[in-house]
Amino acid sequence: MTRDAALLLPSTEPVTLIDPDGNPVHVGQDMPDPQALVHAYAALISARRFNDQANALVRQGRLAVYPSSHGQEACQVACVQVLDPGDWLFPTYRDSAAIVARGVDPVQALTLLRGDWHSGYDPLTTRVAPQATPLATHLLHAVGVAHAARLRGEPTVVMAVCGDGATSEGDFHEALNFAAVFRTPVVFFIQNNEYAISVPLARQTAAPSLAHKGIGYGVPGARVDGNDVAALLSVLGAAVDRARAGEGPQLVEAHTYRVQPHTNADDPGRYRSADEVTPWLARDPITRVETYLRGRGLLDDEKIAGYGVSAEKLAENMRAGLGEDTVADYRDLFAHVYAEPTPQLREQQALVADELSREEAR
Amino acid sequence: MAAEKLTMANALNRALRDAMRADDTVLMFGEDVGPLGGVFRITDGLTAEFGEQRCFDTPLAESGILGMAIGMAMNGMRPVVEMQFDAFAYPAFEQLVSHAAKMRNRTRGRVGVPLVIRVPYAGGIGGVEHHCDSSEAYYAHTPGLHVVAPSDPADAYGLLRRAIESPDPVIFLEPKKLYFSRSEADLTLPVPPIGKAVVRRPGTDATLIAYGPAVPVALEAAEAAAQEGRSLQVVDLRSIVPFDDETVCAAVRSTGRAVVVAEAAGFASVSSEVVARVTERCFHSLHAPIRRVTGFDIPYPPPKLEHVHLPSVDRILDTVDDLQWEDA
Ligand SMILES: Cc1ncc(C[n+]2csc(CCOP(=O)(O)OP(=O)(O)O)c2C)c(N)n1
Ligand SMILES: [Mg+2]
């Protein structure tokens, strides 16, 4: 691990490999191979469809709330695509699309936001931690999982995701420091979408960039264009490789933008102008890789239509799975507080059972 | 008289505005409380009226928010801070317990920290995990903190004004599910100091003791009981710390039976404290043990199951029926 400050510093500009018009940009960073890019493209189409469908399900009252990653899909799919099956993902509430890209069933991924239970999938089999709402708290768990993996001799890398706002929390700093001191294989991935609800980045930090925060802990930082899936695959892939090779934790900041409200309950008109959003729409993560791949004969109408069909299938599954009225079972409330319910919990469950049976008898 | 119909959110906003007009050391800060006006709009318009110096957004860090507030209170200011949701106040626990609560004591009374921590709290709003906690017991168990919880707009206004004037830190618990219910209030009426309970509904057969979000449920239960010919008195604690033994005990002595209603888990809770205190003081006036209707001893449920957890009118009435009535 380097203690040379210069080597820990991020680049002055975020790394871009494909510009917003779909042209390759020549920097010292490798372009991912064509298959990887086509795979990412397909995942982007599905992630966008997932976001659109989840937004629609909120409007229909099928989800309690949805924090959309519309416009951030390149971050969502790239941070998953660079992982091995045995690696872990530590997502936030914003990262449902990443969770689905990881292979988690979309209905299970949305259980939390539907209101049936807190976490709908099995973290141990999917290697996806429960989505963290308390900001930055999960980053330390990520360090712990990675440290345990090292002690157990497993080749695991942990991808720990957070937002720009979350970098202000104490836990973010403790996680970087612990990871660096114990040299744990964690990639801290910040999706800097410029806002924490209504609060712009300028209110979070006076640092030159969020990636610069690594240097104080001895963690190398990198900055990447968060709407360029090629650059993300390249930068995140390299970070994962270094972490796996024993070089310790890595910090990657993706520069992107939250084009939609924080959640459906938010009203961005109160704190930012539509003019601010418009230029970001032109930097959409899907169009630029599409143009690039088409220009190289790696993508055509037929292939695109095919990916559209798979994405539509995903949306159909979401509508089918989340359109049903489910009955949540009250016994679950008491079953999972401890490995064994306490006598008091048994009593309380019996009280509810009695109430319900009397209600039925009425 | 200036009675008007307004929501608790309106009343809280007015209290902040009036306090900031009356005293320019009063400041408001936290997450999204500036231009957005808070996720519940409680601070709506304050930055516009008082400027960025007096109502502002901070970096996203609750420990930072409270720690800085403590320092500002040590140097002549009266900060009011917002914790965006109950469960998001936990990162500030260290600052709260080790510093806000203890500063006066550690300095033999030389340094007080007059600050208010506003916490949108409790459930009943269909919120996903970490948005519906009833954390009052942690606060009430910490000597040095006042803890209050209004149940209607008039009290929200009055208690917040009193909290801001307090020489000591006040945890101000705002029941989220009551933010937007409207009722008649006269904000010009004098408000008693923090520490006074109030009888919300007279009654002769038994006393329901509640605070915050449980008060409207208790009142509804009393109304339903009246239909069935039973007269229930309802006491609203308003202030958990200090606790108004006098009003509560007088009420319970007058009926001889009591049920405490609270949304928080019952084990080692504010409701346990109420039962213990009242039993110690009123044992010889009681015809039956004091009972409780509380949330279960579980993490707050997901939206689809919260109705099972929350104290309901039926559960309150069932419990009242159990109070060893002679005619039963
Ligand atoms: C400890 C904590 N404090 C406050 C909140 C409330 N909250 C939820 S999301 C959010 C903004 C987070 O912004 P950022 O980290 O940039 O992520 P983004 O939502 O932009 O993806 C806030 C303040 C929270 N969830 N946890
Ligand atoms: Mg953000």
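User: Why is the site of ligand 1 called shared between chains?

Analyst: A residue is near a molecule if one of its heavy atoms lies within 4 Å of it. By that rule 20 residues surround ligand 1, and the closest include Tyr93(A) and Gly165(A) as well as Glu62(B). Because the surrounding residues come from chains A and B, the site is shared.

User: What makes Glu52(B) and Arg203(A) a salt bridge?

Analyst: The term asks for a side-chain nitrogen of Lys or Arg within 4 Å of a carboxyl oxygen of Asp or Glu. In this pair the closest N and O atoms are 2.8 Å apart, and the rule finds 5 salt bridges across the interface of chain B and chain A.

User: Which parts does the salt bridge of Arg244(A) and Asp87(A) tie together?

Analyst: Their side chains meet at 2.7 Å, N to O. Arg244(A) lies in helix 10 (residues 229-244) of chain A and Asp87(A) in the loop between helix 3 (73-81) and strand 1 (88-90) of chain A, so the pair joins parts that are 157 residues apart in sequence. Here helices (H or I, at least four residues) and strands (E, at least two) are DSSP runs, numbered from the N terminus.

User: How many residues does each chain bring to the contact?

Analyst: With contact meaning heavy atoms within 4.5 Å, chain B gives 36 residues and chain A gives 42. The buried area, which is the accessible area (1.4 Å probe) that two parts lose on being put together, summed over both, is about 3,200 Å², with 59% from carbon and sulfur atoms.

User: What rules stand behind the numbering and the values?

Analyst: Residues are numbered from 1 along each chain as its sequence is written, and chains are lettered from A and ligands numbered from 1 in the order in which they are written. Since this is a predicted model, local features need pLDDT of at least 70 and side-chain atom pairs count only at pLDDT 80 or more, whereas totals for chains, interfaces and linings use all residues, and side-chain values use heavy atoms, with hydrogens and water left out.
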